[in-house]
Amino acid sequence: MTHKSALAALLLLPSFTYAATVLSAPPELNNKSYVLMDYETGQILASKNENEKLAPASMTKMMTSYLIEQKLLSGDLTENEKVRMNESAWCRGSSTESCMYVPLNGTATALEMLRGIIIQSGNDASKAMAEHIAGNEGTFAHMMNEEAKRIGMTNTSFINATGMPAEGHYSTAKDMATLAQHIIHDSSKYYPIYSEKEFTFNGIKQGNRNALLYTDPSVDGLKTGHTDEAGYCLTTSAKRGPMRLISVIFGAPSMNERASQTRELLAWGYASFETVKVQPANQVLAKSKVWYGKTNDVQIGLAENFNVTMPKGEANAIKTQLVVQPKLTAPLKKGQVVGKYVATLNGKVIAEKPLVALQAVEEAGFFAKMIDHIKQFFSNLF
């Protein structure tokens, strides 16, 4: 299992409420929907209409930028690759959409286009990259939907790469938080772009529309959105100490409101919860029997640090459990998933991480394997 699939597995954990600790109620917010998620575990700490399908406006571009970032990381795109601005993508300066302002038939590099999408919310850059990668925007939207399914966005449908109003184009606060989680984790090389406050291209300097970047040093992304249909939307991430929170607002009544509501939500989250370091990576947590191997057992542990977010003051109530796959057999690769490390609070699972083999175990020779077959046969009898 890769780090990406391990992260996706965490997203499958059920939401739950904390019964043992009396938390102050989250703020009442005048919007259509919101979510406050803990980045580390994917826990939903507070929400309203988290699965309601709504127009995401330019928050759509988070998936556009995510796909570009993954293409860059895989080598399918290069940062200096020239991307042409065709007439179908060209922005004519209309007040109804945001633009990077690449000239018609002009070019920009893939990295410049990425900045234009993230910082300037350029519809032209989004469409040009969609055409460059997939041939046309419709095919790119299909790629967006396939990626959404892969990472666990279960209530999302993209029709275009920009978020301009279209029938059947929708997402949810929970799905957008999931997408933000994956951008931060999977695209860490490019994630700093989401905190850049301005970008100049073609002699035109434009500022990032995320007002929190200018007022809260803990905020480092992600994306605003607005159309008449969607209202004012904002997906935000903030990191204070070891704890990172992701906030998603759909349908606030104004630009100022989406910022102030996000501040309220983050303030409540950081006042109510804390992130506790449960177990560091690369430490031997146990040894497990390995059948048919050159060695009889394997050391197991965590590939990543295991941190858990919980109500403040509950750290001593955490319980952990190792769940190892039965009857491990050689060969085993270093880093191969062999189980899971589970943390519970008051009898409820709050987080889990994959347990991995800390070293490789090669397959034994013929006679050693025969002996293990005989041992296993007799152990099954009793």
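Visitor: What makes strand 1 and strand 9 a pair, and in which direction do they run?
Guide: Two strands pair if DSSP finds at least two bridges between them. Strand 1 (residues 33-38) and strand 9 (residues 243-252) are joined by 6 bridges, so they count as paired, and they run antiparallel. Valine 35, for instance, has valine 248 in strand 9 as its bridge partner. Strands here are DSSP runs of E, at least two residues, and helices are runs of H or I, at least four residues, numbered from the N terminus. This is a predicted model, where local features need pLDDT of at least 70, side-chain atom pairs count only at pLDDT 80 or more, and totals for chains, interfaces and linings use all residues. Residues are numbered from 1 along each chain as its sequence is written, and side-chain values use heavy atoms, leaving out hydrogens and water.

Visitor: Which strands are called edge strands of the open sheet?
Guide: The sheet has 5 strands in the order 2-1-9-8-7, with antiparallel pairing. Strand 2 (44-48) and strand 7 (219-227) are its edges, as each pairs on one side only.

Visitor: What does leucine 179 touch?
Guide: Contact means heavy atoms within 4.5 Å. Not counting residues up to four places away in sequence, leucine 179 touches Met62, Met63, Tyr66, Ile151 and Met153.

Visitor: Which residues have the most contacts inside the largest nonpolar core?
Guide: Met63, Met113 and Leu179 do, in a core of 59 residues. Helix 6 (173-186) is among the contributors and gives the most, with 7 residues. A nonpolar core is a set of buried (under 20% relative accessible area, 1.4 Å probe, protein chains only) Ala, Val, Leu, Ile, Met, Phe, Trp, Tyr and Cys residues joined through side-chain atoms within 4.5 Å.

Note on methods: Buried means under 20% relative accessible area, exposed over 50%, partly exposed in between (1.4 Å probe, protein chains only).
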